[in-house]
Amino acid sequence: MKKILLLFFITLQINSFGQVADSYYLPQNVNYNPKIPTPKQFLGYQVGEQHVTPYEQYAYMKELARLSDRFKVEVYGKTFENRELLLLTVTSPQNHAKLDQIKAEHQKLVNPGQSGSLDLKKMPIVVWMGYSVHGNEASGTNSNLMSAYYLAAAQGPGVDSLLNEAIILIDPCINADGGNRFATWVNINRSNNLVSDINSREFSETWPNGRTNHYWFDLNRDWLYQQMPESKGRLVKFYEWRPNILTDHHEMGSASTFFFQPGIPSRTHPLTPKSNIELTAKIGKYHAQGLDRINSAYYTQENYDDFYYGKGSTLPDVNGSIGILFEQASSRGHLQETVNGLLSFPFTIRNQVSATFSTLKAAREMRVELLEHMRNFYKEGSNDAVKAYVFGGSKDAVKTWEMVNMLKRNQVDVYKLGKDETIDGNAFDKATSFAVPMNQPQHRLIKSMFEKRTKFEDSLFYDISAWSLQYCMNVPTAEAKAAVSLGEKVHVNEFPKGKVYGNSTYAYFFEWNSYFAPRTAYELLDKGYTLKVAIEPLTAIVGGKEQKFDYGSIQIICNGNDPGALLQTLADRDGVNFYATTTGLTPAGIDLGSEKFRKLKLPKVLMLAGPGVNANDAGEIWHLLDQRINIPLTFADIETANRVNLDKYTHIVLSGGNYNNLSDEKIRRFIQGGGVLVAMTEAAEWAANKKLASITVKPRPDNNGSGKRPYVLQEKYSGAMETAGTIFETKIDPTHPICFGYPQEKLALFKDNNIFFEDTKNPYNTPIIFTSNPLIAGYVHPKNEALIKNSPAVITQNLGAGKIILMSENPNFRAFWYGTNKLFLNALFFGHTIGGGRFGGEEE
């Protein structure tokens with residue numbers, strides 16, 4: 001209570017006197033180089049007086065690098081909005097002079113054959129400080145203005161010793177696009193007389209808010225598979241340096257205090273060694289001392305966990321490093337009323353500065369111990385029963401290519417197969433398959449990427465419980481329990497270009513199994529070519545030989561012109577093969593003029609966005625269409641959709657979210673007029689409740705039971721019912737347009753909700769159904785698993801002249817679920833062809 005009252009009086013004092021002095025943030029009794037400008041001298045305002053924008057911050061960091069021989073600044077990437085992403089390397093001038101040598105020596109810690117000869121007592125420690133991966137958690141990125149100034153300007157034996165013994169890497173603003181969005185919002189809504197009323201507009205950002213990047217992605221979930229440019233660039237530098245400590249500075253709800261790891265012990269991933277937890281706790285004592293010194297309240301071993309390796313504070317743990325999460329109660333502006341009293345922006349910054357300094361103190365004093373931890377981490381070889389993971393061999397070389405990329409981005413050694421292999425009945429062709437041996441330094445990380453874990457110590461998860469790479473990508477994979485023949489190591493992973501077979505002025509075919517086939521189709525449609533999809537298989541004559549084409553193959557009608565040159569360009573870009581035929585008569589299956597070829601129309605898609613809509617889910621759709629498939633996407637707020645003419649669109653897409661303010665009658669008229677509604681997760685539930693579709697959503701079970709339990713266990717029992725991120729097996733109908741391009745009977749779906757459809761009793765409108773034993777990997781409560789078994793995952797229905805496509809899952813999860821993207825894209829390209837309709841078959 002005393003600490004809480006003190007927090008109140010500190011924040012009140014700050015507000016009463018306006019600006020705080022530099023001494024509020026910085027250590028006392030330290031002299032500073034007068035040639036180095038303070039943040040206030042450079043920016044024109046004191047840190048905490050307003051929110052720094054990325055451009056201001058980067059300008060200051062570049063100025064420090066210009067004036068200080070302790071600083072080096074480099075650009076490691078650019079955001080979608082073309083903002084630079086900076087990394088600062090801070091150390092002594094003597095270390096800067098031999099930085100490449102230090103880096104090379106440090107990398108030897110990963111190599112057991114070299115690490116034994118290292119003299120750890122003479123090696124600097126590497127510390128990575130990462131700030132505000134969530135752009136509206138601004139105390140982190142604002143705090144490093146002060147800590148960077150200290151490292152550049154402080155003088156004396158203490159800072160000299162630190163810089164001699166450490167390489168400090170500062171990532172000052174991980175999410176520059178979101179950070180700029182948030183800083184702009186709070187600064188334009190800031191009053192000269194600070195307003196702390198929580199009802200003030202300053203504390204209510206507009207949708208989608210500054211947490212996410214340009215495409216509304218949570219970058220803190222992208223560290224492992226690295227689909228965003230921010231993550232790809234950052235992880236190049238992470239693996240280049242392999243830091244011993246990585247700090248991840250966040251914010252949480254305003255009613256909290258300050259959190260530092262370790263988190264809840266039972267929720268640490270089992271592949272993380274016990275020594276990591278012990279070292280995290282030991283470092284935590286330094287944080288406690290620093291926060292005690294400034295009389296700040298804090299807690300540890302609660303709320304947060306270290307399970308999902310795709311987060312910034314957790315990926316280091318499976319790389320021999322110590323990842324540390326900091327969570328500061330957020331002022332969400334400049335001054336806010338909270339249950340703990342007035343919470344000021346300067347106060348939140350001060351706590352983050354304290355955590356930065358306590359980390360550096362721990363790093364210096366525990367330097368040899370932390371270097372030893374990394375060396376020992378990589379000395380431990382794999383004793384796993386799996387000797388190698390073998391994957392590939394599918395008709396879609398593009399997803400296999402990206403799977404190799406994901407592994408290589410995490411410094412995993414990937415090899416081509418030395419010879420054809422058959423493992424557990426699965427045949428792998430050496431020309432199209434790869435092997436990942438477990439006998440390599442990254443074996444723990446490899447295990448985490450491929451394992452199918454279904455047993456857990458705890459039933460609560462802060463994030464997802466499964467992320468098995470082979471199911472993310474839908475690429476055939478086998479676990480080799482004996483050594484396999486390794487071919488050459490993959491150094492450069494060339495994109496698998498397609499080919500054009502033959503020439504024709506009559507027609508070409510391409511199959512729908514390639515990941516980028518929808519991109520090819522859209523461009524051809526946009527250029528005015530007529531495309532038709534085969535709803536039955538056929539055999540065509542290609543180059544005088546018979547060539548089989550499966551459900552969903554696309555016919556390009558040439559009309560007397562040969563598009564071969566364009567097709568070659570698309571083959572190179574998209575990895576699609578094109579096959580020329582000069583006759584409409586086929587030796588087997590449907591002929592080219594059959595009515596069982598359905599004409600495609602150019603998709604014109606409207607996605608609803610804005611308040612109520614899940615920004616992450618919507619952003620995944622926007623990113624998929626805009627960045628990968630090159631489809632222009634119109635997205636509009638629900639209010640806009642309620643008042644505009646929808647007839648110009650072929651599809652309306654509803655991602656997860658709350659659509660209670662959407663006019664269901666207007667959507668009904670759109671569908672009845674021939675449009676296609678694609679509704680996913682909560683939106684599918686909304687469509688069912690509004691009777692747009694004749695489906696029933698199963699009621700969610702509870703975990704209360706009939707007896708009484710201690711109140712303290714409420715969160716444990718209710719949390720156990722959440723399906724936070726689990727992989728399930730489904731049966732698919734490859735003859736249904738929604739499943740075109742999937743030449744298989746089973747498909748893994750990722751589920752992160754408790755939405756379960758009842759069976760429709762219609763034998764034809766449920767192309768994807770969960771199996772009777774669906775759990776593949778991750779956690780699910782038995783009551784939820786019972787509801788999932790044999791339930792539909794996708795339902796298609798008619799309404800007037802249009803179609804409704806309902807999906808209980810999000811097939812575009814976090815951009816790394818490549819394996820199910822095609823389900824969503826099929827809804828766009830083939831939705832109208834399901835049973836004919838205004839845009840399909842002979843009815844036009």
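Strand 13 (residues 415-417) and strand 16 (residues 433-437) run antiparallel and are joined by two bridges, where strands count as paired if DSSP finds at least two bridges between them. The model is predicted, with local features needing pLDDT of at least 70 and side-chain atom pairs counting only at pLDDT 80 or more, while totals for chains, interfaces and linings use all residues. Residues are numbered from 1 along each chain as its sequence is written, and side-chain values use heavy atoms, without hydrogens and water.

**Sheet**
- Tyr415 has Ala435, in strand 16, as its bridge partner; strands (E, at least two residues) and helices (H or I, at least four) are DSSP runs numbered from the N terminus.
- The open sheet has five strands in the order 17-12-16-13-18, paired antiparallel.
- Strand 17 (477-480) and strand 18 (486-489) are the edge strands, each pairing on one side only.

**Packing helices**
- Helix 14 (residues 397-409) packs on the sheet, touching strand 12 (388-392), strand 16 and strand 17, and its direction makes about 145 degrees with that of strand 12; angles run from 0 to 180 degrees between N-to-C directions of axes fitted to C-alpha atoms, for helices over the stretch in contact, and contact means heavy atoms within 4.5 Å.
- Helix 15 (residues 443-450) lies across strand 12, strand 16 and strand 17, at about 50 degrees to strand 12.
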